[in-house]
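Dear colleague,

I am handing over the structure that follows, together with notes on what was found in it. Please read the notes with the coordinates open beside them.

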Amino acid sequence: MKIHEYQGKAVLAAFGVPVPKGKVAYTEKEAVEIAKELGPPVVVKAQIHAGGRGKGGGVKLARTTEEAESLAKAMLGMTLKTHQTGPEGRVVRRLLIEDGVELAGAREMYLAIVVDRASGGAVFMASSQGGMDIEEVAAKDPSAILKEAIAPGLGFQAFQARKLAFGLGLPPAVVPKAVTFMQALYRAFEGTDASLLEINPFLLMKDGTLLALDAKLNFDDNALYRHPEFKELRDLDEEDPLEVDASKHGLNYIKLEGGNVGCMVNGAGLAMATMDIIKLAGGAPANFLDVGGGANADQIRNAFRILLADREVKAVLINIFGGILLCDVLAEGVIAAVRDLGVKVPVVIRMKGNNEEKGKAMLRESGLNFTTAEDMTDAARKVVSAAGAAR
Ligand code: GDP
Ligand code: MN
């Protein structure tokens, strides 16, 4: 789960991480009030779930309240394009109005904590090349990124923080403060079950103060049940409408680019295998949709509706293993959905397992035009050819 910068900063501040003073504004009027309250200069920052806003024109300094007003007016409602938004960009609906910080004489550095597959745990990263694209730094000069692997049982150790702080070339007088800063970041990362925490730029000001000038915080979806308080941080405007719809019905749906076969599968493993076999048959899946092991007829109906709402879907493959989800329950849901929605694309169904015969009989007797398949290979060939023929 992604959140906005202003929300991430509030979470970090609660863990003792120093951040600039600021508030969120939804309207021009609110922006002006906050700017007055803080006193210029202020920075006006577009809040979207993507980085690279600075280069895209989504972060601007206002020297006066009037300037803040006209910037807020220009930014609210604008479509902001950055290298992370894709060509379609994102509509700006919220702004962060923040105390403007003097960058002259300051050092912009980079800090992040990520989950690293190679070391099987969290890694603390630091670089003196902050304020710019870290991907670019990583590509051009990987040695400019310092890394400390964190042992899960021990947590981030003070000596590791000191190593990073000295590695950044911080003046000795600042090192203890930097250690405290990094430890607070780690406490925030661990305490929120984050999957990513990035501070870019991490600022050392002329007077020796350290500050998180930007903050990116992502949470691990699988741990969200431990943080009911984060629910209200979700911004549905930033998410794919079909994915939001699916999550409301307890469905694991992810839209994929470039494919035209809609897949409805139960179980993530079977979903992956189904995507593979569609590829093997020469096609491409339009989505990943796992209805889960114990889906009911209503969920099946919703899953089907969501698949069909994707205009790229030219044929649907339903591949179900009847375990806890019985094949007849699936058939009931699919038949109800087709009667409800009137489906204009070919539907291929392969089902195996509990109540298979009953489910197949229901499909046959429904009088609806389903193609049935005996095994996965057969199903994949049939659906790929149907999707191809529809093109
Ligand atoms: P991002 O481009 O989406 O990563 O957004 P950032 O929050 O990192 O802001 C982009 C850039 O704007 C930063 O790297 C800074 O150079 C600049 N910036 C952000 N806040 C301030 C500020 O308070 N004062 C000044 N002078 N520049 C700022
Ligand atoms: Mn940034």
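Contact, in what follows, means heavy atoms within 4.5 Å. Leaving aside neighbours within four places in sequence, glutamine 7 is in contact with Arg94 and Leu233.

This is a predicted model, in which local features need pLDDT of at least 70 and side-chain atom pairs count only at pLDDT 80 or more, while totals for chains, interfaces and linings use all residues. Residues are numbered from 1 along each chain as its sequence is written, chains are lettered from A and ligands numbered from 1 in the order in which they are written, and side-chain values use heavy atoms, with hydrogens and water left out.

To stay with glutamine 7 for a moment, this residue lies in helix 1 (residues 5–14), where helices (H or I, at least four residues) and strands (E, at least two) are DSSP runs, numbered from the N terminus. At 6% relative accessibility, glutamine 7 counts as buried; buried means under 20% relative accessible area, exposed over 50%, and partly exposed in between, with a 1.4 Å probe and protein chains only. The side chain of glutamine 7 also makes a polar contact, at 3.4 Å, with the side chain of tyrosine 6. A polar contact is a pair of N or O atoms within 3.5 Å; within protein, one must be able to donate a hydrogen and the other to accept it, and residues adjacent in sequence count only if both atoms are side-chain atoms.

In helix 4 (residues 65–75), the buried residues are Thr65, Ala68, Leu71, Ala72 and Met75. They cover an arc of only 120° around the axis, which puts them on the same side of helix 4, the arc being that of the directions from the helix axis to the C-beta atoms. These buried residues pack against helix 2 (28–38), strand 2 (42–46), strand 3 (59–62) and strand 6 (95–99), whereas Glu66, Lys73 and Ala74 are exposed on the other side of helix 4. Just after helix 4, glycine 77 takes a positive phi of about 90°.

Serine 127, in strand 8 (residues 121–127), has 0% relative accessibility and therefore counts as buried. Its side chain reaches the backbone nitrogen of glutamine 129 at 3.0 Å, and a polar atom of the side chain of serine 127 lies 2.8 Å from the backbone oxygen of alanine 144. Serine 127 and isoleucine 145 are 18 residues apart in sequence, yet 4.8 Å apart in space, C-alpha to C-alpha.

Turning to the ligands, the protein donors of the manganese ion (ligand 2) are Asn200 (O) and Asp214 (OD), lying 2.2 Å from the ion. Asparagine 200 lies in strand 10 (residues 194–204) and aspartate 214 in the loop between strand 11 (210–212) and strand 12 (216–219), so the pair ties together parts that are 14 residues apart in sequence. Donors are N, O and S atoms within 2.8 Å of the metal (3.2 Å for Na, K and Ca), and, water not being among the atoms, sites may look incomplete.

Of the 18 residues around ligand 1, Lys45, Arg53, Gly54, Val101 and Asp214 come nearest, a residue being near a molecule or strand if one of its heavy atoms lies within 4 Å of it. An oxygen atom of ligand 1 is 2.8 Å from a polar backbone atom of glycine 54, and an oxygen atom of ligand 1 is 3.1 Å from a polar backbone atom of asparagine 200.
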